[in-house]
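Subject: A structure for you to explore

Hi there,

Here is the structure I promised you, with its sequence. Please open it next to this email and follow along as you read.

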Amino acid sequence: MRALTLFADRKLELADSPPPPAPGDGEVQIAIKAVGLNHLDVWGWRGMAFAKRKLPLVVGAEAAGEVAAIGPGVTNFAPGNPVVMYGALTCGSCKACREGRDNLCENVQGIMGFHVDGFARELLNLSARLVIPVPSGINMRNAACAPIAFSTVEHMLFDNAKLQPGETILVHAGGSGIGTVAIKMAKAIGCMVITTVGDDAKAEQAKALGADYVINYRTDRFEHQVRKLTAKKGVDVVFEHVGAETFNGSLLCLKRGGRLVTCGATSGPSTTLNLMQLFQQQYKIFGSFGASMRNIRDGLAKMASGLLPVIDTEVTLDDVGAGLARLESRRVFGKVIVRF
Ligand SMILES: [Zn+2]
């Protein structure tokens, strides 16, 4: 069986590996059909000094597939069912897991595709507990955007920032995989959306997605533009994932009592913070990582009702290096999908 395997930094190869055994008790065997690439993969590909993991490693943190076989005791899946998988090996029994806060599991055994072998292989066995059915009518490449892109945004906007209809939101990097999803989800509930992009072509694409205002951050200071667009009031929510380059400007965009939610630091992990500004302006800052299985189901339900992901490129297994390079270059508008 073929598996996309990382042997060393930037040494990603399509390797031959033995197929999994028949699924065991409570397990489902899944034939992978599409894998979504994320910045997590770019980091993993570049090599991250702080990540505890052993190479070689099968990559792929987000995927969709079809049930190929079921193990003893599995009653809720049948061969042929379209599914997506939760990519963190949670325990299923700690307090956080019991309460449905899966991404706060106290005994998590790693993130697939990053700490432990991931989804970019033809077949794999996984506990049925971590497998989520895909509603009918959703194709595999769209479904592959549910486990990370859609669910991360669901968790950020609705669990953490508690975005309400009619509020104003600044979405950073509106052309990124999660940026495109955030624009669509915020517009779907009737928010006013301001977004930033790095070139004029992306500005047109972001407007076509429904963004009310688009700022080219290379030619305009986004914090000044946001003050202007909101009559100096600021926005209710900032959707952050750019990090060091934008974080302080993002705080300046918030209205008093505004909420900033962040899930990334692609431009760098460290910044300074004016604590006087933080408490006087009564900002609320949320760190958000991953999502719950409920967020994945909610994201799939939105896809079923017509809120679809934006796909930048589909590549074959042989071209995955080009897909990662495209993601790293920030030229993308939407998601990069690898087809099996
Ligand atoms: Zn747990």
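Let's start at cysteine 97, which is buried, with a relative accessible area of 10%. Buried means under 20% relative accessible area, exposed over 50%, and partly exposed in between, using a 1.4 Å probe and protein chains only.

Before we go on, a word on the background: this is a predicted model, in which local features need pLDDT of at least 70 and side-chain atom pairs count only at pLDDT 80 or more, while totals for chains, interfaces and linings use all residues. Residues are numbered from 1 along each chain as its sequence is written, and side-chain values use heavy atoms, with hydrogens and water left out.

**The zinc site**

Which residues coordinate the zinc ion? They are Cys91, Cys94, Cys97 and Cys105, each through its SG atom, at 2.3 to 2.4 Å. Donors here are N, O and S atoms within 2.8 Å of the metal (3.2 Å for Na, K and Ca); water is not among the atoms, so sites may look incomplete. Along the sequence, the donor residues follow the spacing C-x2-C-x2-C-x7-C.

The site is tetrahedral, with angles of 102 to 118 degrees among the 4 donor atoms. For comparison, the ideal angle for four tetrahedral donors is 109.5 degrees.

Are the other cysteines of the site buried or exposed? Cysteine 94 is buried at 6% relative accessible area, and cysteine 105 is buried at 10%. Cysteine 91 counts as partly exposed, because its relative accessibility is 25%. The structure holds 0 disulfides, a disulfide being a pair of cysteine sulfur atoms within 2.5 Å.

**The antiparallel strands**

Now for the strands. Helices (H or I, at least four residues) and strands (E, at least two) are DSSP runs, numbered from the N terminus, and two strands pair if DSSP finds at least two bridges between them.

An open sheet of 3 strands has the order β2-β1-β4, with antiparallel pairing. β2 (11-16) and β4 (57-58) are at its edges with a single partner strand each, so one side of each has no neighbour in the sheet. Strand β1 (residues 2-8) pairs with β2 over 6 bridges, and leucine 4 stands opposite leucine 14 in β2.

Strand β3 (residues 27-36) runs antiparallel to β5 (residues 63-70), joined by 7 bridges; there, alanine 31 faces glutamate 66 in β5. β5 is also joined to β6 (residues 82-85) by 3 bridges, again antiparallel.

**The parallel sheet**

In what order do the 6 strands of the parallel open sheet lie? The order is β11-β10-β9-β12-β13-β14.

Finally, look for threonine 271, in the loop between β13 and α9 (275-280). Threonine 271 is partly exposed at 42% relative accessibility and touches Phe247 and Asn248, leaving aside residues up to four places away in sequence. Contact means heavy atoms within 4.5 Å. The C-alpha atoms of threonine 271 and glutamate 106 are separated by 28 Å, with the two residues 165 apart along the chain.

Enjoy exploring!

Notes: Four donors count as tetrahedral if all angles lie between 85 and 135 degrees; four count as square planar and six as octahedral if opposite donors are over 155 degrees apart and all others between 65 and 115; anything else is irregular.
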